[in-house]
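Some notes on this model follow, for checking against the coordinates.

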Amino acid sequence: MFAPRTTPWPLVALFTAGYLAPYLLPTTVGRLDSDLPLSATQAGAVGSALLLSSAAAGFVLASRVERIGARALARLGLALALLGYGGAALTTAVPAVIASAILGGFGSGTATTVAATLIAAQRDPHRASTAGLLTVSALAGAVYLTVPHLGPGHGLPLAAIALTALAVWPLTGRLPVGTPVAPARHDKARLPHARSGLLLAAAMVCWSLAQNSLWGVSGRIGLEQVHLGEATVGVVFALGLGAGLAGVLAAGALGARLGRALPIGGGTVLIAACIVLSASATDLGSFAAGEIAWNTLYPVVLSYLIGLAASLDPRGRWAVLVGSASSLGTAAGPLTGSVLSAQAGFPVMGAVLGAGLLVIALPMTAVALHTGGRPLLPGAIRRRGGHPAALVAAATGTPSGAIPEIGAPEQPVVEIPVETPAVPAQRAYDKAGSEVF
């Protein structure tokens, strides 16, 4: 296992390789539309198929990471991403592009699954996910600034994803052969906190669908409704991702001081307002304001959601399943955004998505409130922003009642056999002074 309080950079790199495809979705879908004989809706459907394949990888592999081994599975995912995205970048035949993109999506999903499982095993999952979001935001921003100046063609963003997978491959040698096992992982029969996990997974489908419905058509909003050039739209996206870096840094510094309920619930409400503003923009100022504010808030809320899912099960199963549910919503996003905007226009699409986010903010906040005090490691009750109180109590002999329970965390009870000297058998007595053995 990685050392406490150190950033696991190989894991962060794997996280980046897995998440880069969704981050580059607007330019990928836009170039498929402009460079290949595909309509906007068909290009959105290709993007949805890519992300659906990524989600399928998570569902298939969620319970198999420990059995197969983290290193082997990570290398398989990176190899599929390299072959898939690389193949899609090198061909112009539409069926081959679609098949290769789906293969690459499965590779991205495999890498993301391994990363999510290992993040859940970290001493501080929020720290690791924050570092991953920082790196993927920075890389995606660099791609958005660079690609418009390299010429037309659908293959450039796809090639960027493939080259990222190739660059991350050497770092997999520092990943564990198996998955780090937490001390309380002996209960393999069932998932803990089933109701909270299922509710969070269902909400994440809708939450991610709304995010990617906007993100999948943001390029078209800038080009068609605001009448900007591709280079200008790319600069707006890069600025937005740069603001996202600042937001994630702030979230990492803030940590759990405000809990998870406020960042998740309040952040989702603000995201809804950003989506409405961006979708209804008709000038550069409002479009940039909406996109930059949305890109600032989205990774912040996502980092808390990843941490919330990881806290539900130290084996990482809920982290992977909730992440895969999120990928289902992400997969449906480009097609949903394309259909809504084609039928009703971008402003109506934004209003529908914003209203939906306001509704699903309630169950996500409820899960965060209910599980807000659950420890990130079994056997430790973390005060918000403080130290593991249970460990301190164990060291000082403080009674358990003196430890404040936040959100009623459930602690496993483990029987520890203790060898003690055998007590001599008591001698029986018959009459006074006469011993009978």
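1. Helices here are DSSP runs of H or I with at least four residues, strands are runs of E with at least two, and both are numbered from the N terminus. On that basis the protein has 15 helices and two strands. The model is predicted.

2. The protein has 437 residues, of which 53% are buried. Taking contacts between residues at least 6 apart in sequence, 84% join residues at least 24 apart.

3. Helix α13 covers residues 317–344 and helix α14 covers residues 346–370. The two pack with their axes 7 Å apart, at an angle of about 130°. That angle makes α13 oblique to α14, because angles over 145 degrees would be needed for roughly antiparallel and 65 to 115 for roughly perpendicular. The crossing of α13 and α14 is right-handed.

4. On the α13 side, the contact is made by G337, L340, S341 and A344. From α14, F346, V348, M349 and L353 take part. By class, the contact of α13 with α14 comprises six nonpolar residues, two polar ones and no charged ones.

5. S100 sits in helix α6, which spans residues 94–120. Is S100 buried or exposed? Its relative accessible area is 15%, so S100 counts as buried, the cut-off being under 20%.

6. A polar atom of the S100 side chain lies 2.9 Å from the backbone oxygen of A96. Apart from neighbours within four places in sequence, S100 is in contact with G84, Y85, G87 and A88.

Key. Residues numbered from 1 in each chain as written. Predicted model: local features only at pLDDT ≥ 70, side-chain atom pairs only at ≥ 80, totals over all residues. Heavy atoms only, no water. Axes fitted to C-alpha atoms, helices over the stretch in contact; angles between N-to-C directions. Parallel < 35°, antiparallel > 145°, perpendicular 65-115°, else oblique. Left-handed = near helix turned anticlockwise from the far one by under 90°. Contact = heavy atoms within 4.5 Å. Nonpolar A, V, L, I, M, F, W, Y, C, P; charged D, E, K, R; others polar. Buried < 20%, exposed > 50% of the residue type's maximum accessible area, 1.4 Å probe, protein only. Polar contact = N/O pair within 3.5 Å; in protein donor to acceptor, adjacent residues only side chain to side chain.
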